[in-house]
2 protein chains.
Amino acid sequence: MSQDINAVMNEYLPLRDVVFQTLRQAILRGELEPGERLMEIHLANRLGVSRTPIREAIRKLELEGLVVMIPRRGAIVASITEKDLKDVLEVRRTLEIMAGEMACERITPELLKQLEETGLEFTKLKDTDDFTSLAEADVRFHDIIYAAAGNQRLISILNNLREQMYRYRLEYLKDTGSHERLVQEHQEIYEGIRRGDKEAVSAVTGTHIDNQRDAILEAIMKTE
Amino acid sequence: MSQDINAVMNEYLPLRDVVFQTLRQAILRGELEPGERLMEIHLANRLGVSRTPIREAIRKLELEGLVVMIPRRGAIVASITEKDLKDVLEVRRTLEIMAGEMACERITPELLKQLEETGLEFTKLKDTDDFTSLAEADVRFHDIIYAAAGNQRLISILNNLREQMYRYRLEYLKDTGSHERLVQEHQEIYEGIRRGDKEAVSAVTGTHIDNQRDAILEAIMKTE
DNA sequence: CTTTTCATATATGTATACAAAAAACACAGA
DNA sequence: TCTGTGTTTTTTGTATACATATATGAAAAG
């Protein structure tokens, strides 16, 4: 019930937030390429709004680091260097391990069940070519672990770090050779959390991210 | 020289950035209290600018979580719950340890020297009542460790987490009884990094943050 | 043919205008 | 006194206007 009320209340979204999400998606998906200029009037016409919401959205993208401002020239899409990616993944590795270990202590039976189900879902998708659904199942799997860790700040930081790599995620999931390994890792992570075995979870999560890191870096090399 | 050129080039700051920094400081120092409304016209008059730069500054504060938006009502200063603080400190603990361990591997002789000097500076200030300088020295000490870790993303996240607690920092530094212990901990952290002893650095850094956590939580209890 | 200079166009930075929603208030009625 | 309702005020959300800085391009000078 209160959910419904909430839904009704949320049906209003300021234009600036619509624009923010739109531009954000476009950047993370690579539709707006690094170095590309974000010209306010152009975007305003394109999205059918005035410059004001565009500018306010850009301010948020600026703080998030997705665009960089050049004084009196406007915003350009930030380019990610290999160093940037390594830095992001290094921090993410640490925090994913942290989340996994905390989940060992704090996970509820409810969430544990969801984790198992999502793991199975991922397994089912692994041999299909529905990469989008596969990616979504992967996101859900990790989301459940974050939720189990029960630290809101950790969740937002991890989500942000993960999103930094959306542009590459689909790329590396297309490497179907790695799916078997991914399924295996998910299974081990689930088992570890179920047993409350921090050591095991920490180790598997570490290699999970390391593998991802290598795959992404390799994918980048190819495209450049 | 190039510093001068840079200074000249940076002499231009958009009003929105001036406003952003001003409001940010005011919130972090507690001059704007949690729950307080940020009314655009009022702020605009107060700072002598139009609503536009105010609004753009608020968008950044919004993304940073320092203010929360209420639809069609505007922005209010975000209030920090005890849970929020615990969450922040929990993540910060992990990342401070990460930074310390990375510093063990990557620190340069140059930075190691700076770390030693800043530690001594802190020691010198410990018995004075110049809490502001003491806090600054503490910030510098940790900044050097972050820099030594050599991960830009880690630096920005840690800075952000640290700033979340600026409102309380001065409070707990006024507890002069803890100064001796702080000096001791800094000394041990420095020694650990010098020796490249990750275990030691990790342990001391952990208790360093834990102590800070307890002090801050205690300070909050008192004020409420 | 290259370079410099000046005029023009374009885009940003800031201010203001306007519409609409929410809050505050006053007042009538029970 | 409390409640409900209509009105006014305030404030936000969005659009537009204006000034200025930068880029663009053509014409003049070398």
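Author: Here's a look at the salt bridges, then the pockets.

First, some housekeeping: this is a predicted model, so local features need pLDDT of at least 70, side-chain atom pairs count only at pLDDT 80 or more, and totals for chains, interfaces and linings use all residues. Residues are numbered from 1 along each chain as its sequence is written, chains are lettered from A and ligands numbered from 1 in the order in which they are written, and side-chain values use heavy atoms, with hydrogens and water left out.

Side chains of opposite charge can pair when their charged atoms come close. A salt bridge here is a side-chain nitrogen of Lys or Arg within 4 Å of a carboxyl oxygen of Asp or Glu. Over all chains, the structure holds 50 of them. Take A:Asp17 and A:Lys60, whose side chains meet at 3.1 Å, N to O. A:Asp17 sits in helix α2 of chain A and A:Lys60 in helix α4 of chain A, so the pair ties together parts 43 residues apart in sequence. (Helices are DSSP runs of H or I, at least four residues, and strands are runs of E, at least two, numbered from the N terminus.) A:Asp17 is buried at 13% relative accessible area, and A:Lys60 is buried at 5%. Buried means under 20%, exposed over 50% and partly exposed in between, with a 1.4 Å probe and protein chains only.

Over in chain B, B:Lys60 and B:Asp17 form a salt bridge at 3.2 Å, N to O. That pair links helix α4 to helix α2 of chain B, 43 residues apart, and both residues are buried.

A:Asp17 and A:Lys60 also belong to a salt-bridge network, with B:Arg51, B:Arg55 and B:Glu62 among its other members.

What about the open space? The largest pocket has a volume of about 1700 Å³. Of its 49 lining residues, A:Glu64, A:Asn160, B:Leu63, B:Glu64 and B:Asn160 are closest to the centre. A pocket is an open set of points on a 1 Å grid over the protein atoms alone, where a 1.4 Å probe fits, with protein on both sides within 12 Å along at least five of seven lines; lining residues have an atom within 4 Å of a point. Volume is the space filled by probe spheres set on those points, which are joined across faces, edges and corners. Helices α2 and α4 of chain A and α4 of chain B are among the elements that each supply at least two lining residues.
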